[in-house]
Amino acid sequence: MESTGTCPDRVISDAGVGFAVGAVGGSVYYFAKGLRNAPSGVRFAGGLQAMCYVPRVAGSFAVWGGVYSACDCALVHVRQKEDIWNSILAGAAASGIFSLRQGFRAVAKSSLNGAILFALISGAGIMVKNSQHGTMSMPADVPAITPVETSSGGEWFSGLFTKRKVEEGVTNSSIKTDDTLETYREPSMPVPPFK
């Protein structure tokens, strides 16, 4: 739940986002559960009746989001930097805070679980961000060897029903870069009119 802005605004914003996520997710979950468990003939009414638990779930998500964001803001203030460790430590702290009434062992176990969960979430976020930036790029001056597909036959659907030969050892520098392809031919059959 990373937001930008000042910390008091961030806490309120994350609590609101948590409420919205809990309301939408809880509505879908409890409605489906009510549909499944209700007797036939009154399934829709059973789904709607089961949704009475949604405000409780939404409130729990809002409190979780607010406490997590408050811990994250406190860590940013103490450490004077904003990095992935703040997220992991805030997840551990929020999980520990919610299990304070069960004793020290429960706090330690919940904190460890929260830290692992937020480390996995942060790691997945980093992987997605790196994959979107296209980190695997080739230098422009090195030609890459790529297979080139060629098809035999000039029919319109020949590429769908016949196997294509792949020629190995063709470099990118030998492939034309203009808008027209060298092997493009007009279809031998006329295009059927669609009415």
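Reader: Where is confidence lowest, and where highest?
Author: pLDDT is the predictor's confidence in each residue, from 0 to 100. Where pLDDT is low, the predicted coordinates should not be read in detail. Here the chain mean is 79, and 67% of residues reach 70 or more. Strand β2 (residues 165-171) has the lowest confidence, a mean of 51. Helix α3 (residues 54-79) has the highest, at 94.

Reader: How many helices and strands does the chain have?
Author: Both are DSSP runs, numbered from the N terminus: helices are H or I with at least four residues, strands are E with at least two. This chain has 6 helices and 2 strands. From the N terminus, the order is α-α-α-α-α-β-α-β.

Reader: Which residues does the UniProt annotation "transmembrane region" cover?
Author: UniProt positions follow the numbering used here, feature names are shortened, and annotations may be inferred rather than shown by experiment. The unreviewed entry gives residues 12-32 and 112-128. Residues 12-32 are 100% helix, with end C-alpha atoms 30 Å apart. Residues 112-128 are also 100% helix. Their end C-alpha atoms lie 24 Å apart.

Reader: Is alanine 58 buried or exposed?
Author: Buried means under 20% relative accessible area, exposed over 50%, partly exposed in between (1.4 Å probe, protein chains only). Alanine 58 is in helix α3. Its relative accessibility is 1%, so alanine 58 is buried. Across the chain, 22% of the 195 residues are buried.

Reader: What is alanine 58 in contact with?
Author: Contact means heavy atoms within 4.5 Å. Beyond neighbours within four places in sequence, alanine 58 touches Gly18, Phe19, Gly22 and Ala23. The C-alpha atoms of alanine 58 and phenylalanine 19 are 4.6 Å apart, though 39 residues separate the two along the chain.

Reader: Which residues make the nonpolar surface patch?
Author: Patch residues have over 30% relative accessible area and no salt bridge; like charges are joined within 9 Å, nonpolar side chains (Val, Leu, Ile, Met, Phe, Trp, Tyr) within 5 Å. A salt bridge puts a side-chain nitrogen of Lys or Arg within 4 Å of a carboxyl oxygen of Asp or Glu. Here Ile84, Trp85, Leu89 and Ile126 form a patch of about 360 Å². Helix α4 (residues 84-98) gives the largest share, 3 residues. Isoleucine 84 lies in helix α4. At 32% relative accessibility, isoleucine 84 is partly exposed.

How values were computed
Residues are numbered from 1 along each chain as its sequence is written. This is a predicted model: local features need pLDDT of at least 70, side-chain atom pairs count only at pLDDT 80 or more; totals for chains, interfaces and linings use all residues. Side-chain values use heavy atoms; hydrogens and water are left out. Accessible areas come from the Shrake-Rupley method with a 1.4 Å probe; for residues, only the protein chains shown count as cover.
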